[in-house]
Amino acid sequence: MMQSKLNTFARVRELSDWKAIAFGAALVERMLPNYQLFCETSGFDDEGVNRKCLDLIWEWLRTPRSKINFGVHLERVEEATPDIQDHDFYGVYPAIDAAIALGALVNLVLKQDEQGAVVVSKLSQGSVEAFLLLTEEANDDTVKQHPLMQFEVDTQHELLNELQTLVRKPEALNAYKALALEAGISNIGLEI
């Protein structure tokens with residue numbers, strides 16, 4: 001299992017240009033429900049900033065000539081990232097992971113961090129690991145073998161495999177996004 005995890009990150013590092021962004025966007029789609037549940041349960045209101053930003057990334061992928069000021073959206077995402085000091089329940093952690101992953105993805109779009117997709121991949125797996133350890137469904141010795149972690153790694157590999165033949169056309173990107181959400185659960189197992 002550890003080898004698979006290392007292979008995942010090595011494969012993500014090899015991605016370039018729009019395919020790295022599409023992969024990151026697919027993973028953030030799986031993380032964003034955690035953020036949205038946090039907002040619903042805590043009363044934290046981001047006014048849809050993160051959802052809108054992710055939708056704009058998909059729009060940019062479908063229509064590369066789109067003129068979108070991602071610098072402004074990055075600032076909004078950063079402002080909509082919850083502060084751990086303000087919340088005393090677990091839900092803040094996967095929410096923060098989702099917001100940071102989205103910020104890393106925007107930085108990748110802006111060419112500020114060429115390894116943004118690796119950051120998103122690690123945050124998604126790390127979010128699953130933290131959830132399993134906190135809920136005591138796994139411990140340090142068993143977390144890599146837990147079915148939810150296995151599912152996370154397998155999903156990332158499936159998304160990476162799909163990128164090998166993916167073309168930058170709206171219908172293909174819509175299908176790729178749908179593949180990420182196909183299981184109907186977030187990366188930590190919340191129903192979407």
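**A tour of two helix contacts**

Start by selecting N50, C53, L54 and I57 in α3, which meet A99, L102, L105, V106 and V109 in α5. You are looking at a predicted model. By type, the residues of this contact divide into eight nonpolar, one polar and no charged.

Now show both helices whole. Select residues 49-62 for α3 and residues 92-109 for α5. Two packed helices are described by the angle between their axes and the distance between the axes. Here the axes of α3 and α5 come within 11 Å and cross at roughly 35°. The crossing of α3 past α5 is left-handed.

Stay on α5. From its first C-alpha to its last, α5 reaches 26 Å over 18 residues. That is close to the 26 Å expected at 1.5 Å a residue. Is α5 largely enclosed, or open? Buried means under 20% relative accessible area. In α5, 15 of the 18 residues are buried, so this helix is largely enclosed by the rest of the structure. Next, select K111, which follows α5. The phi of K111 is positive, near 65°.

Move on to the second pair. Select residues 116-134 for α6 and residues 147-163 for α7. The axes of α6 and α7 come within 9 Å and cross at roughly 170°. Because of that angle, α6 is roughly antiparallel to α7; angles over 145 degrees count as such.

Finish with the side that each helix brings to this contact. On α6, pick S121, S124, Q125, V128, E129, F131 and L132. On α7, pick L148, M149, E152, V153 and Q156. Colour them by type: six are nonpolar, four polar and two charged.

Note on methods: Residues numbered from 1 in each chain as written. Predicted model: local features only at pLDDT ≥ 70, side-chain atom pairs only at ≥ 80, totals over all residues. Heavy atoms only, no water. Axes fitted to C-alpha atoms, helices over the stretch in contact; angles between N-to-C directions. Helix = DSSP H or I, 4+ residues; strand = E, 2+ residues; numbered from the N terminus. Parallel < 35°, antiparallel > 145°, perpendicular 65-115°, else oblique. Contact = heavy atoms within 4.5 Å. Nonpolar A, V, L, I, M, F, W, Y, C, P; charged D, E, K, R; others polar. Expected span 1.5 Å × (residues − 1). Buried < 20%, exposed > 50% of the residue type's maximum accessible area, 1.4 Å probe, protein only. Left-handed = near helix turned anticlockwise from the far one by under 90°.
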